[in-house]
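Please have a look at the structure first.

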Amino acid sequence: MSDNEYSGLSCPIPISEYPHVLLAHGGGGKLMHQLIEKIFTAAFANPMLETAHDGAVFKADSDRLAFTTDSYVVDPLFFPGGDIGKLAVDGTVNDLAMCGARPLYLSCGFIIEEGFSMDSLWKIALSMKQAADEAKVSIVTGDTKVVDKGRGHGLFINTAGIGSIGHDLTIAPSMVQPGDAVIVNGDIGRHGMAIMAHRESLSFETTIESDCAPLADTVMRLLDEDIEIHCLRDLTRGGLAASLVEIASVSGYRIAVEESKIPVVDQVRGACEILGFDPTYVANEGRMVIFVPKKEAEKALAVLRDQGLWPEAAIIGRVGDERTGIVTMKSLIGAERIVDMLSGEQLPRIC
Amino acid sequence: MRYVDEFRDHEAAVRYIRQINRITTREWTIMEVCGGQTHAILKSGIDQLIPGKINLLHGPGCPVCVTAVELIDRAIAIASKENVIFCSFGDMLRVPGSSKDLISVRAEGGDIRTVYAPTDTIRIAYENPDREVVFFGIGFETTAPANATLVYQARQMNLKNLSILMAQVLIPPAMEAILSAPGNNVKGFLAAGHVCSVVGYDDYEHIVSKYNVPIVVTGFEPLDILQGIYMTIAQLEEGRAEVENQYRRAVRREGNITAQKIMGEVFNVVDRRWRGLGLIEKSGLALIHKYAEFDAEIRFGVEQLTAEESTECISGLILQGKKKPYDCPVFGSLCTPEYPLGATMVSSEGACAAYYRYRKEGTESIKQSGGKERP
């Protein structure tokens, strides 16, 4: 976490008392209530959570809602550019944003391994609060479980989210049309390479930071500017390639992209070159593809780049009218090839 | 990015392709030896841009693909033992042995770990003194120095719980095996640049004079490969057969002497069985007597374990350049990267996997290049 108003706060459960989470912290008794009150309610501070009810009760401002969930098991829990807490908020916020929804409320379930550092838990809770504030959502209900030592990996988090849809567009892969421009909001591959470098202790000249970021505000700006968005997809596991392949296969049209137009920073390119990775398959946590009609592409790009929001945003390709449902890429030297999903994770080259 | 962009430059590529077109007067079949080059050719689309008269065959230079089934079975036997931590490069985990792969051993409870450098296993062995740590030593001359270093350091550190399963292979004997096989039609080679950066290219002189084929030591970027093709075709068209070095920025004639020294300290040359190619004389590396205590085959008593290759898969013919992936009746249907029947579909450096990933059927570009790519 960067130095700001959140990082100055210290853990409210005296470290000397409980430096580590005990099984009893999930046991339903006093310790659990203390943990919830002093860590989660304190960090997430909002009136709905403070009612200490079994669930959150609220009114929605729209009759179209979006609902999503995701679980976060990232290893390591803290990585350059973020941590599991920020990821758990941004990831679910982004899934709502991809439906064209304005995120309203999140739920949050913690599965904590016995012995987990109380201080780390506090840091993660604060990071979630910071991410929630940034994304303008509230964490309004939650759950805490503690599992025996050895039965978890430190900490797992599940978040679910509800968002409201304030427009009449259907934003979905099936809405992609021939001629649509394919836009990415920034350079790709940072999150996956940051995690990879950190996990495997690979050190490069400069630290690669995760691109973990909330996208809802950006989507709302595009919608506020009346841009006719056909499809949105955040580029998480499987990277840009997997997202494009999924969209092409659902829409039935060919998506043609150009390698030279896809923004990748030198740090990520260099790390990928060393390991034999293709950045188009590397995970991201704050990147999306946006499909808009060709005539709106430049306007969308201007909105993305406005006020330095996404300076690297770029049009990387277009949707063709061939009903092949595949993705093709024009290589740097000018030939065309298929882009396919990988069967599993990318593995470093052997020689 | 420096040292990358200039070797992928579109304008320069166009100029090379024009030059290759200009000098090519007849049909030539040439082979890129290394799987990394195959991958680069298909990814950048070089096969679609060069003249149709040039037929690129994909050689046996994929370490995962050529590791014999019996060695995979031995790896599985060792990895299944209690108290063993089996360390391997990731690609090897999915290669089918006779009945299963290493990934299934992991699912069954085996402690199998992916490592990025052979010497990572030293740390693992050091941290787990009560367990046996085994490294799967695969690869060509490129991985040999690092694997030799692992064994050398293990002996220096007196690590008693570390051993290596040797599957190391050598490239020049495989090139000779291809050239001397009946029905060979390879007329020139793009030799693997990184192999030569280790061992140099003196060894190729006798192949060139014995078989009268040009060999051009070639790099891995699109422009390296285009220049390598140009140099090979120029030799063929002029009736020359020489060893030439396209990859001068990385390769010297004598290679890397320090790397060769550590290889010589730890390994000697032995006959080895290759998947798809069979037994090739003097084509493998084994531990010399001084280091025999680190030989996992001996330590775990698996050296007698043998296995026959499946007859379903034509990867042997693909590795010899006699068939292309499309020639296989089960390519892309029964055999896919998710359910590989043979090693060439498993490894990202394997020819079948590269074709599957970059050239699946049904696209315009394939239809256009169909005359050349498909029989």
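## Salt bridges and polar contacts

Across the interface of chain B and chain A there are 4 salt bridges, each a side-chain nitrogen of Lys or Arg within 4 Å of a carboxyl oxygen of Asp or Glu. In one salt bridge, B:Asp5 meets A:Arg269 at 2.8 Å, N to O. The side of chain B that touches chain A has 16 nonpolar, 11 polar and 13 charged residues.

This is a predicted model, where local features need pLDDT of at least 70, side-chain atom pairs count only at pLDDT 80 or more, and totals for chains, interfaces and linings use all residues. Side-chain values use heavy atoms, leaving out hydrogens and water, while residues are numbered from 1 along each chain as its sequence is written, and chains are lettered from A and ligands numbered from 1 in the order written.

## Extent of the interface

How many residues does each chain bring to the contact? Chain B brings 40 and chain A brings 28, with contact meaning heavy atoms within 4.5 Å.

About 3,000 Å² is buried between the two chains, 60% of it from carbon and sulfur atoms; buried area is the accessible area (1.4 Å probe) lost on putting two parts together, summed over both. In chain B, the residues losing the most area to chain A are B:Met1, B:Tyr116 and B:Arg357, together 25% of what that side buries.

Note on methods. Ala, Val, Leu, Ile, Met, Phe, Trp, Tyr, Cys and Pro count as nonpolar, Asp, Glu, Lys and Arg as charged, and the others, Gly among them, as polar.
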